[in-house]
Number of protein chains: 2
Amino acid sequence: MSQISTKPPSGMRDFLAPDVARRRHVIGVIARVYESFGFVPLETPTIENLSTLLGKYGPEGDQLLYRLLHRRERLARALEGKPDGGKTTELDLSDEGLRYDLTVPLARVVANYGELPAFYKRYQIQPVWRADRPAKGRFREFFQCDVDICGTKSLVADAEVCGAVATVLRELGFGNDANGFQIHVNHRELLRAMVSEAGIDLAMEGQALIALDKLDKIGADGVKTELVEKGIAAEAAAKLLDVLAAARAPGFLAARAADAASSVDVAKPGAKAAAELIELLAIVAGGPAGPHLVFDPTLARGLSYYTGPIFEITCAGLAGSMGGGGRYDGLIGMFTKRQIPAVGFSLGLERVLLVMEERGMFPPLGLGPQVLLCRFPEIGAAQAVAVATQLRAAGLRVELFADTPSLGKQLQYAATIGAPFAAILGSNELAAQSLTLKKLTTGEQKTLPIADVAAFVRAG
Amino acid sequence: MSQISTKPPSGMRDFLAPDVARRRHVIGVIARVYESFGFVPLETPTIENLSTLLGKYGPEGDQLLYRLLHRRERLARALEGKPDGGKTTELDLSDEGLRYDLTVPLARVVANYGELPAFYKRYQIQPVWRADRPAKGRFREFFQCDVDICGTKSLVADAEVCGAVATVLRELGFGNDANGFQIHVNHRELLRAMVSEAGIDLAMEGQALIALDKLDKIGADGVKTELVEKGIAAEAAAKLLDVLAAARAPGFLAARAADAASSVDVAKPGAKAAAELIELLAIVAGGPAGPHLVFDPTLARGLSYYTGPIFEITCAGLAGSMGGGGRYDGLIGMFTKRQIPAVGFSLGLERVLLVMEERGMFPPLGLGPQVLLCRFPEIGAAQAVAVATQLRAAGLRVELFADTPSLGKQLQYAATIGAPFAAILGSNELAAQSLTLKKLTTGEQKTLPIADVAAFVRAG
């Protein structure tokens, strides 16, 4: 047999202990902050029915779904071909796939469980899978950290999800003003008005937004080229970028919103959306997201299910975003007859970790054994196990060296695993119910009663 | 479009907040105890190459693997059929699958990362997937909680993994003696000797052990029937069960081990294994697993990779086991030229939870908002956000009611979500930077400065 590859599959990663410690640190802060905002946890299965997943993310998303192959009889039947002689297709081979995001599973859950509160505030920190081309910082398995509020159109909900993610980033050390990170905000209805003003048919809106979403990656000329490739006239494409640029002018939102006040019938398209953004900015001002929120008329977001305000987080030196979200008042209604409005925000764990690693933002994370328990060959294994049990009961992390090579070899091993202390058990120590503690960094040694070891080790 | 099913797929589950809280409680204890034994965490990807997974679990395991369908061009090529006109098969459609256990990924990791310690002690708590028939307590996605020690044949390692899982169960409240739970122990080499003594060809050993593994489910007659179905003579099948029953006699291990002492050349088969079990029982006696370990000559374990001692945990009232493990000195060598011995133990999270739920073993688990912040309509949302921010900064879990229906409706909602307190913000309170706290269970009300609210809520 040829040697099996021992690497994880393309786009997948193994996390050794220091990686896990950093990931847990960040996940711990996120969960604690989300809970402080009154969100409760939800976990959904890795595998969902394809009927749940398909048609929610737009055509690009559907293509990136991982699909599970049918098994045994069902697979055999599918491979037989169809009674009419038709060829086997992808749809015949699979009806389940891997979770692509956490929002669609949430929508399914809200539709399924009648016992959930009327205003269901859930958070969810789980991996998702996308069969995308791997690149720096882009993986096929990655964690999303979502907060969502279902059941209300109140902009207080939009403000709360912004406040929750802003508090997370502030607590992680990203800074307390817009220099630290920005939350870009826009509104799908305002974008729709702009698309219309540019003379683009609204049937092309989704395509236009997918192109516009790439603005920070491919620039204005790149977006224009892609719009034209999608069949939009060059003039309209140029106009769209012009009206969006003009919307950056100070006072744009106020001027547009003023139109809404006069009369709904004659209001300029997007006036209500502009008024909502002004209100949202005002509500957010009272909380932690206040200093970070900036109106960005070019923000589009790629997913097709958004209907109102949309968000995206950027920070200096990071290409792409650390997270995004928005209002999706129609999605849950795709699973149930009730229309349930909702808004959410998703932090991308890998992006947050990337910036934190580059900037050295992690505190010291206690990890690995504090004590390696070494013994001389004359000490029986059962006696060493008993001593290790005492130390562990006192709250220490203790590795018991399994064999009894020379003490020098055991101490060397303590150094290679980074244990701060070695505890040596010989006949004298055993008789006195004591241990000789050796501090690995200095070589200092001290013999003390087993009962006193935990305090000694904790004191460093 | 017909209504989409909102249930999770067969064998999969959604975990709402109380479920997540219970799972986290148990996982937290497991992680802390495993770390106290000096194990460090590892996480591996959900998706593995099929070349990694296939051929490690035995034929039954291979059949239960979830396989991922190829995409786009690769799928199209596969569905075209082969150049020689051969039919498309399962192997043409997939080369990746979902993790089936945590042991094979560990073996791959140990083979891949040269920087790991010589005695790599890792723990891993992650879900695995098996396309098995769902049943009570059997799911297609479930969590395993593994500890393994790689790099030593010392029985101290076997004793340590037993000690770790025993400590977990003791800390969770399963009791401190064999009435609480038992760790059954046997040895694959001893089983092999028994199979041989029964006159069964060793080529049939794997099949015999798979049948024997079902003894507690289908009984002795069921095992005999299955052995015969697999092609083993009825007489040999009966003999196997007889010799295993005879091995339950007190003194069996000592008598068998005595054979090893005389001469290796003439030692009765299994003598060395019996001696190892005696040594293991002696080592374990010094630690937390001591009162729980019992020799069980009929314990077989279904997986094909075990080579030495094997373990399984049972407790009264639970059909099946709460976990199992054993020594597998050959598995890592399937991934690398170095032979690296290893031993591990896996706790099944779902089984542990099942017993704990049936017995009401959970402590109270703090969950959900402690305070619902209500406001009168004259209070602006931005002001409410500011007050919520203060309470959260003081460490409280606070839900801000998004709208401003009547106070009665807001208070009613506080009760439905189980918040112990409602905090009411009106003009008087805002002017005085205070809040009126209402205890939902008693209806008591008290107005106090915002700065004092956290202490008041924590006092209950």
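The following dialogue asks how several descriptions of this predicted model are reached from the computed values.

Student: Why is the relation between chain A and chain B called a two-fold axis?

Tutor: Chain A can be laid on chain B with an RMSD of 0.1 Å by a turn of 180° and a shift of 0.0 Å along the axis, and that is the relation of a two-fold axis. Among the residues of chain A, A:L68 comes closest to the rotation axis, its C-alpha lying at 2.3 Å.

Student: How do you know that the copies meet through the same surface?

Tutor: The contact involves 87 residues of chain A and 88 residues of chain B. Of the interface residues of chain A, 99% are also interface residues in chain B, so the copies meet through the same surface.

Student: What makes up the side of chain A that touches chain B, by element and by class?

Tutor: Helix α15 (residues 381–393) of chain A gives the largest share of that side, seven residues, and the residues of the side divide by class into 46 nonpolar, 22 polar and 19 charged.

Student: Why are β1 and β8 of chain A said to stand at the edges of the sheet?

Tutor: The open sheet is formed by eight strands of chain A in the order β1-β5-β6-β11-β10-β9-β7-β8, with mixed pairing. In it, β1 (40–41) and β8 (293–295) of chain A each have a single partner strand, so one side of each is left without a neighbour in the sheet.

Student: How do you know that β7 and β9 of chain A pair, and which helix packs on the sheet touching both of them?

Tutor: Pairing requires at least two bridges, and six bridges join β7 (residues 182–187) to β9 (residues 309–314) of chain A, the two strands running antiparallel; in this pair A:N186 stands opposite A:I310. Helix α13 (residues 271–284) of chain A packs on the sheet, touching β7, β8 and β9 of chain A, and its direction makes about 150° with that of β7(A). Helix α14 (residues 349–359) of chain A also packs on the sheet, touching β6 (141–150) and β11 (342–348) of chain A, with its direction at about 40° to that of β11(A).

Student: Why are α9 and α10 of chain B called oblique to each other?

Tutor: Helix α9 (residues 205–212) and helix α10 (residues 215–229) of chain B pack at an angle of about 140°, with their axes 8 Å apart. Roughly antiparallel would need an angle over 145 degrees, and roughly perpendicular one of 65 to 115; α9(B) and α10(B) are therefore oblique. In their contact, B:A208, B:A211 and B:L212 of α9(B) meet B:L215, B:V223, B:E226 and B:L227 of α10(B), and by class this contact has six nonpolar, no polar and one charged residues.

Student: What makes B:R301 count as buried, and why is B:Q433 called exposed?

Tutor: A residue is buried if 20 or more other C-beta atoms lie within 10 Å of its own, and exposed if 12 or fewer do. B:R301 has 22 C-beta neighbours inside 10 Å and therefore counts as buried, whereas B:Q433, with 11 other C-beta atoms within 10 Å, is exposed.

Student: What phi values do B:R301 and B:Q433 take, and where does each residue lie?

Tutor: B:R301, although not a glycine, has a positive phi of about 65° and lies in the loop between β8 (293–295) and β9 (309–314) of chain B. B:Q433, another residue other than glycine, has a positive phi near 50° and lies in the loop between α17 (427–432) and β15 (434–439) of chain B.

Terms used
Residues are numbered from 1 along each chain as its sequence is written. Chains are lettered from A and ligands numbered from 1 in the order in which they are written. This is a predicted model: local features need pLDDT of at least 70, side-chain atom pairs count only at pLDDT 80 or more; totals for chains, interfaces and linings use all residues. Two residues are in contact if their C-beta atoms, placed from the backbone, lie within 7 Å. Helices (H or I, at least four residues) and strands (E, at least two) are DSSP runs, numbered from the N terminus. Ala, Val, Leu, Ile, Met, Phe, Trp, Tyr, Cys and Pro count as nonpolar, Asp, Glu, Lys and Arg as charged, and the others, Gly among them, as polar. Copies are superposed by least squares on the C-alpha atoms of residues with pLDDT of at least 70 in both. Axes are lines fitted to C-alpha atoms, for helices over the stretch in contact, and angles run from 0 to 180 degrees between N-to-C directions. Angles under 35 degrees count as roughly parallel, over 145 as roughly antiparallel, 65 to 115 as roughly perpendicular and the rest as oblique.
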